[in-house]
Amino acid sequence: MCSEIKEINIDFYKEVAKVAPEKTIFASNSSTMIPSDFKEFTRRPEKFLALHFANEVWKNNTAEVMGHADTDKKYEEELLDFADKIGMLPIHVKKEQPGYIVNSLLVPLLQAAEVLYANGVGEIEDIDRSWMVATGAPVGPFGMLDIVGLTTAYNIAKMSSLNSPQMANVAEMLKAYVDEGKLGTATGEGFYKYPNPAYREFFKDTNK
């Protein structure tokens with residue numbers, strides 16, 4: 001379950017807990033929310049934890065395993081072993097952290113890029129090209145957002161906007177894309193059109 005809307009997750013766990021066998025381990029794939037937000041709704045808090053895969057998991061094959069205070073440690077070990085057996089890089093997140101490790105690093109970058117664009121500081125292509133050329137990254141922040149999906153980005157921005165007027169502007173900007181059905185690579189268009197997004201041409205031109 002990976003929707004970044006808390007209420008949807010709660011309803012999901014309530015319903016699946018009614019039908020899943022008691023032996024079933026529940027693992028959240030939420031990008032930003034923590035297991036303890038939902039443990040009481042699973043009817044098996046000791047068997048509930050997070051197993052988070054990176055976007056484009058077939059090539060960015062990290063698997064972050066994160067329990068909560070009531071998770072039985074043996075289930076954390078089982079999931080770390082499972083991740084290893086399916087060819088992932090198991091990463092043990094030893095303490096609950098919204099965003100785990102990867103997204104704790106990634107989300108601030110993406111939100112900084114969103115704020116720059118929403119506030120009129122720079123254009124999408126220039127922000128991406130700046131990041132790509134300065135760091136050697138194959139994709140800029142807005143290319144990454146297209147991969148993540150703009151619905152997820154919007155839900156995260158909406159949550160963040162409760163404490164940040166700047167993120168309220170970002171949420172409004174993202175909503176316009178979502179309302180137009182421009183959800184990212186999944187729909188063929190987000191900030192860029194696919195399968196040949198413009199940032200690849202920028203990167204190619206810069207390195208001629």
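1. Arg43 is found in the loop between strand S1 (26–28) and strand S2 (48–53); helices (H or I, at least four residues) and strands (E, at least two) are DSSP runs, numbered from the N terminus. Arg43 is exposed, with a relative accessible area of 57%. On this scale, buried means under 20% relative accessible area, exposed over 50%, and partly exposed in between, with a 1.4 Å probe and protein chains only. Phi of Arg43 is near 65°, a positive value in a residue other than glycine. Most residues other than glycine have a negative phi, and most peptide bonds are trans.

2. The model is predicted: local features need pLDDT of at least 70, and side-chain atom pairs count only at pLDDT 80 or more, whereas totals for chains, interfaces and linings use all residues. Residues are numbered from 1 along each chain as its sequence is written, and side-chain values use heavy atoms, with hydrogens and water left out.

3. Glu56, in the loop between S2 and S3, has a positive phi near 50° and counts as partly exposed at 22% relative accessibility. A cis peptide bond, with omega about 25°, joins Tyr194 and Pro195; Pro195 is found in the loop between H7 and H8.

4. Thr32 is also in the loop between S1 and S2, but Thr32 is buried, with a relative accessible area of 14%. Leaving aside neighbours within four places in sequence, Thr32 is in contact (heavy atoms within 4.5 Å) with Glu4, Pro98, Gly99, Ile156 and Met159.

5. Thr71 lies in the loop between strand S3 (62–66) and helix H2 (73–85) and counts as buried at 5% relative accessibility. With neighbours within four places in sequence left aside, the contacts of Thr71 are Pro45, Glu46, Phe48, Leu49 and Glu76. Thr71 and Arg44 are 27 residues apart along the chain, and their C-alpha atoms are separated by 9.1 Å.

6. The largest nonpolar core has 25 residues; such a core is a set of buried Ala, Val, Leu, Ile, Met, Phe, Trp, Tyr and Cys residues joined through side-chain atoms within 4.5 Å. Phe142, Val170, Leu174, Phe191 and Tyr192 have the most contacts inside this core. Helix H3 (102–118), helix H4 (124–135), helix H5 (141–148), H6 and H7 are the elements that give two or more residues to this core. H7 provides the largest share, six residues. A second, separate core of nine residues includes Ala20, Phe26, Met33 and Phe41.

7. Beyond its neighbours within four places in sequence, Phe142 is in contact with Ala113, Glu114, Tyr117, Ile124, Ile127, Asp128, Phe191 and Tyr192. Tyr192, in the loop between H7 and helix H8 (198–206), is buried, with a relative accessible area of 4%. Among the contacts of Tyr192, leaving aside neighbours within four places in sequence, are Ile124, Glu125, Asp128, Phe142, Gly143 and Asp146. Tyr192 and Lys182 are ten residues apart in sequence and 9.0 Å apart in space, C-alpha to C-alpha.

8. The axes of helix H6 (residues 150–160) and helix H7 (residues 165–179) come within 8 Å and cross at roughly 155°. Axes are lines fitted to C-alpha atoms, for helices over the stretch in contact, and angles run from 0 to 180 degrees between N-to-C directions. H6 and H7 are therefore roughly antiparallel to each other; angles under 35 degrees count as roughly parallel, over 145 as roughly antiparallel, 65 to 115 as roughly perpendicular and the rest as oblique. The residues of this contact divide into ten nonpolar, two polar and two charged. Here Ala, Val, Leu, Ile, Met, Phe, Trp, Tyr, Cys and Pro count as nonpolar, Asp, Glu, Lys and Arg as charged, and the others, Gly among them, as polar.

9. H3 packs against H5 at an angle of about 115°, with the axes 9 Å apart, which makes the two helices roughly perpendicular. Leu106, Leu109, Leu110, Ala113, Glu114 and Tyr117 of H3 meet Pro141, Phe142, Met144 and Leu145 of H5. These residues comprise nine nonpolar, no polar and one charged.

10. The axes of H3 and H7 come within 9 Å and cross at roughly 80°, and these helices are therefore roughly perpendicular to each other. The residues of the contact of H3 with H7 divide into eight nonpolar, three polar and one charged.
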